[in-house]
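Hello,

I am passing this structure on to you, and my notes on it follow below. Please keep it open while you read.

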Amino acid sequence: MTKEPLRFHFDICGENFTSAGEASVSIKRILRQIGISPDIIRRVSIAMYECEINMVIHANGGTADVDVYTDKIILTLKDEGPGIPDLELAMQEGYSTAPDSIRSLGFGAGMGLPNMKKYTDVMDIKTEVGKGTTVTMTVFL
Amino acid sequence: MKIKTIVELLNAEVLAGADKLDTDVHSACGCDLLSDVLAFVKEQAVLLTGMCNPQVVRTAVMMDMRCIVFVRGKVPGQDVIDLAEEHGLVILTSDERMYSACGKLYQNGLAAGSVIDD
């Protein structure tokens, strides 16, 4: 029987870019407290941070759920934003639709999705134009 | 290299973490593009940057960095300084430009360190 995961839920506020990343900082702290190894913590928190930033830039926020199992951590970030019209293109390093205002803050270089894929073991994106996007990422412990 | 040596070499002002200047750091990176910090940084403990917003601190926290040096005389807002204090980061500001700040630290033995994909 699989042990029930530890579940953590966060609402990602999409109203201002200043607070983007707060949930990722929180999850980093929580994972440290429950004794997850530093390497795993870094991968999970970077992937979530990138995704959180994306949700704030493109989708006016959303929700993040982190489920910690004994053998894996599953991140599920869900928004009701505009969706991603061309996912293959969005996955390319350097491709970005972020506005200049975001670029001037050091983001929007088109590295977000590739980074999320790089730092996690499995990444799945379900997206529908006009409906929203759900990104599920798994890191094995 | 201790962070207090960085303060001396760059004639920097300490804005946060004044109690942590004895911390030893072994490598650094200079970058304004935070996406690239997240993509390539592996073990660098010091971030030199001209970017001046709260995301700089969160990015440094994500990468387990210890010290941020704002170059070109940039001074971040109090919200950034408070966030850094909360996370135990040292914040410095120096009038040096990016190139010369990196050069001085490198010349005095602070390495670049390895990056992801090395």
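To begin with chain B, which unit do strand 2, helix 2 (residues 34-40) and strand 3 of that chain make? They make a right-handed β-α-β unit. A crossover is called right-handed if, with the strands pointing away from the viewer, the path from the first strand over the helix to the second runs clockwise. Helices (H or I, at least four residues) and strands (E, at least two) are DSSP runs, numbered from the N terminus.

Before going further, please note that this is a predicted model, in which local features need pLDDT of at least 70, side-chain atom pairs count only at pLDDT 80 or more, and totals for chains, interfaces and linings use all residues. Residues are numbered from 1 along each chain as its sequence is written, chains are lettered from A and ligands numbered from 1 in the order in which they are written, and side-chain values use heavy atoms, with hydrogens and water left out.

Back to the strands of chain B. Strand 2 (residues 28-30) and strand 3 of chain B pair in the parallel sense over three bridges; two strands pair if DSSP finds at least two bridges between them. Here G30(B) is opposite L48(B) of strand 3. On its other pairing, strand 3 of chain B joins strand 4 of chain B, again in the parallel sense, over four bridges. T49(B) has F70(B) in strand 4 of chain B as its bridge partner. From strand 3 the chain runs through helix 3 to strand 4 of chain B, in a β-α-β crossover that is right-handed.

Which way do the side chains of strand 3 (residues 46-49) of chain B point? V46(B) and L48(B) point one way, L47(B) and T49(B) the other way, and all are buried. Buried means under 20% relative accessible area, exposed over 50%, and partly exposed in between (1.4 Å probe, protein chains only).

Now for the charged pairs. Over all chains, the structure holds 14 salt bridges, each a side-chain nitrogen of Lys or Arg within 4 Å of a carboxyl oxygen of Asp or Glu. One of them links R42(A) with D64(B), with the closest N and O atoms 3.2 Å apart. This pair crosses between chains, from helix 2 (residues 38-58) of chain A to the loop between helix 3 and strand 4 of chain B. R42(A) is buried, because its relative accessible area is 15%, whereas D64(B) counts as partly exposed at 33%. K28(A), R42(A) and D64(B) are linked in a network of salt bridges.

Two salt bridges within a chain are also worth a look:

- K131(A) and E128(A) have their closest N and O atoms 3.5 Å apart; K131(A) is exposed at 55% relative accessibility, and E128(A) is partly exposed at 44%.
- K20(B) and D19(B) have theirs 3.3 Å apart; K20(B) is partly exposed at 25%, and D19(B) is exposed at 64%.

Last, some backbone angles. Most residues other than glycine have a negative phi. D64(B), however, has a positive phi, near 60°. R72(B) also has a positive value, near 55°. R72(B) lies in the loop between strand 4 and helix 4 (78-86) of chain B, and R72(B) is partly exposed, with a relative accessible area of 38%.

Best wishes
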